[in-house]
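Good morning, and thank you for the time. I would like to walk you through one model, which is now on the screen.

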Amino acid sequence: MTDQTDIRRYGFERFDCAPALRLEAHERVSRLQVEALHDRIARLEVVIERVERRLWLTVYGVVAVILAEGFQSLLARLP
């Protein structure tokens, strides 16, 4: 982004007034809030990936148990 402190208009020296300062402060706070939201979203994506990995491990574990029980019942029927 461009630094607006160096901008001069019509040859006059730049001065700060209360509404402009309030607007700049609001813009800074908004920017910080957006950055915090992006950081939070990134952390949530990492957590979701972990949960998804655990879910797939659980699914594979259940399938393995079912297959093992089926194989065990086949071995029990054989002489």
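I shall begin with the basis of the model, and then turn to the chain, its side-chain pairs and its surface.

This is a predicted model, in which local features need pLDDT of at least 70 and side-chain atom pairs count only at pLDDT 80 or more, whereas totals for chains, interfaces and linings use all residues. Residues are numbered from 1 along each chain as its sequence is written, and side-chain values use heavy atoms, with hydrogens and water left out.

The secondary structure comes to one helix and zero strands; both are DSSP runs, helices being H or I with at least four residues and strands E with at least two, numbered from the N terminus. Helix 1 covers residues 18–77. Of the 79 residues of the chain, 0% count as buried, where buried means under 20% relative accessible area, exposed over 50%, and partly exposed in between, with a 1.4 Å probe and protein chains only. The accessible surface of the chain is about 8,200 Å², and 63% of it belongs to carbon and sulfur atoms. These areas come from the Shrake-Rupley method with a 1.4 Å probe; for residues, only the protein chains shown count as cover.

Let me turn to charged contacts. A search of the whole structure finds one salt bridge, defined as a side-chain nitrogen of Lys or Arg within 4 Å of a carboxyl oxygen of Asp or Glu. Arginine 43 forms it with aspartate 39, and the closest N and O atoms are 3.5 Å apart. These two residues are four apart in helix 1, so about one helical turn separates them. Arginine 43 is exposed at 51% relative accessible area, while aspartate 39 is partly exposed at 42%.

Finally, the surface. Leu55, Trp56, Val59, Tyr60, Val63 and Leu67 form a nonpolar patch with about 620 Å² of accessible area together. Patches are made of residues with over 30% relative accessible area and no salt bridge: like charges are joined within 9 Å, nonpolar side chains (Val, Leu, Ile, Met, Phe, Trp, Tyr) within 5 Å. Among the members, tyrosine 60 counts as exposed at 54%, whereas tryptophan 56 is partly exposed at 45%, as is valine 63 at 41%.
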